[in-house]
Amino acid sequence: MATLVWLQTGSCSGDTMSMLCADSPSVEELTTGYGLEILWHPSLSHVPTQTFDHLLDAILATRQTLDILCIEGSIMTGPHGSGMYDTYRGRPKMRLIQQLVAQAKFVVAMGTCAAFGGVHAAPPNPTDCVGLQFDKLAPHGLLPLSWRSSGGLPVINVAGCPAHPNSMTKTLAMLLSGMQLELDSLNRPTMFFKAMVHQGCTRNEYHEYHIEETEFGGKGCMFYNLGCQGPITLSKCNTELWNNRSSKTRAGVPCFGCTSPDFPLDAGLFNTEKIGSIPLNLPLGVERSNYIAYKSLAHEAAPDRLIHKEMDV
Ligand code: SF4
């Protein structure tokens, strides 16, 4: 058996809600097939909180081993670095986390808030929220960037707002199975963060031929006018569908880039910022100088079935 404690900090519980939808593997399979023992989860545990108090004491006194510590939510460090905006039994949770990470073999940030600060760290960030090892893109999280758990890894950032259900459970399954987790430069598991949301989007052909929507509800691409960040966001939303069924772009909503450290952008989510007629953020690998010429040519060459939007998304 391997033990897990799940703590919530500045959070909406979205990652917990998301993980309950996981099916490959499910939370139940983690406990029955992978030997996971959930010592504490604020939503799933049915024991009184006094039990959690005893558990914390036992972990901190090294009488109880802690294999995996999961943090859901951003870390409130205010006011004035005291952490008193978010407490447990009068103790700042940020201090509790600093003590617990020293005992855990692996630490997993479940969601963008725990990884990078997320929504709660958006300007003006009145509670001084940060992520566990990052503050957005900067290496100024609660823990130094050089920090490593006793298992030899930094905080494993399963980013997303919320994180993809199966990315969370697969990460846990890999840790429980003793498999090597390769991480990218932002400490996200590469196997879940190597494809862009754009890959697998059913609107791709519309994108290639620059058939763009100006209003919601249409079949065209949402990149040029409606703020879609699919071509600059790493996540498997369109290659492993949510609940095996859908994704934001399939439901007609632009990708908000929620797995990126700078999410949420300090800008409108539903419109594309431009410099002149060129989007501020271009698809990864696209040259600004070539963008308009390429898109104009592509639009001229668009087949009728796309111009008349006969292709379903
Ligand atoms: S809607 Fe977004 S993800 Fe889909 S093709 Fe357009 S830019 Fe790419």
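Mentor: Arg 89 is exposed, because its count is 9 other C-beta atoms within 10 Å. The scale runs as follows: buried means 20 or more other C-beta atoms within 10 Å of a residue's own, exposed means 12 or fewer, and partly exposed is in between, with C-beta atoms placed from the backbone. Keep in mind that this is a predicted model: local features need pLDDT of at least 70, side-chain atom pairs count only at pLDDT 80 or more, and totals for chains, interfaces and linings use all residues. Residues are numbered from 1 along each chain as its sequence is written.

Arg 89 sits in the loop between strand 5 and strand 6 (91–92). Helices (H or I, at least four residues) and strands (E, at least two) are DSSP runs, numbered from the N terminus. The backbone of Arg 89 stands out too: phi is near 50 degrees, positive in a residue other than glycine. Most residues other than glycine have a negative phi, and most peptide bonds are trans.

Asn 244 is exposed, with 10 other C-beta atoms within 10 Å. It lies in the loop between helix 7 and strand 10 (274–275).

Now the peptide bonds. Ser 24 and Pro 25 are joined in cis, with omega about -5 degrees. Pro 25 belongs to the loop between helix 1 (14–19) and helix 2 (27–33). Gly 78 and Pro 79 are also joined by a cis bond, with omega about -10 degrees. Pro 79 is placed in the loop between strand 4 (75–76) and strand 5 (87–88).

Turn to helix 3. Its 12 residues (49–60) should span 16 Å at 1.5 Å a residue, and the end C-alpha atoms are 17 Å apart, which agrees. The expected span is 1.5 Å times one less than the number of residues. Leu 55, Leu 56 and Ile 59 are buried in helix 3. Seen down the axis, the buried residues of helix 3 fall within an arc of 100 degrees, so they line one face. That arc is taken over the directions from the helix axis to the C-beta atoms. The face of helix 3 turned away from the buried side carries exposed Gln 50, Asp 53 and Asp 57. The buried residues of helix 3 pack against strand 2 (36–40), strand 3 (66–72) and helix 4 (93–101). Contact here means C-beta atoms, placed from the backbone, within 7 Å. Thr 62 follows helix 3 with a positive phi near 60 degrees.

Next, helix 6. Of its 13 residues, 10 are buried, so helix 6 is largely enclosed by the rest of the structure. Among the buried ones are Pro 165, Met 168, Lys 170, Leu 172 and Leu 176. The 13 residues of helix 6 (165–177) should span 18 Å, and the end C-alpha atoms are 18 Å apart, in agreement.

Phe 193 is found in the loop between helix 6 and helix 7 (204–208). It is buried, with 24 other C-beta atoms within 10 Å. Leaving aside neighbours within four places in sequence, Phe 193 contacts Asp 184, Arg 188, Leu 234, Ser 235 and Thr 259.

Step back to the whole chain. It is divided into domain 1 (2–191) and domain 2 (195–313); the bounds come from an automatic or database domain assignment. The contact takes 16 residues from domain 1 and 13 residues from domain 2. The side of domain 1 that touches domain 2 has 10 nonpolar, five polar and one charged residues. For these classes, Ala, Val, Leu, Ile, Met, Phe, Trp, Tyr, Cys and Pro count as nonpolar, Asp, Glu, Lys and Arg as charged, and the others, Gly among them, as polar.

Last, the ligand. It is surrounded by 14 residues, the closest being Cys 201, Cys 221, Phe 223, Cys 228 and Gly 230. The shell around the ligand divides into eight nonpolar, five polar and one charged.

Methods:
Contact = placed C-beta atoms within 7 Å. Near = placed C-beta within 6 Å.
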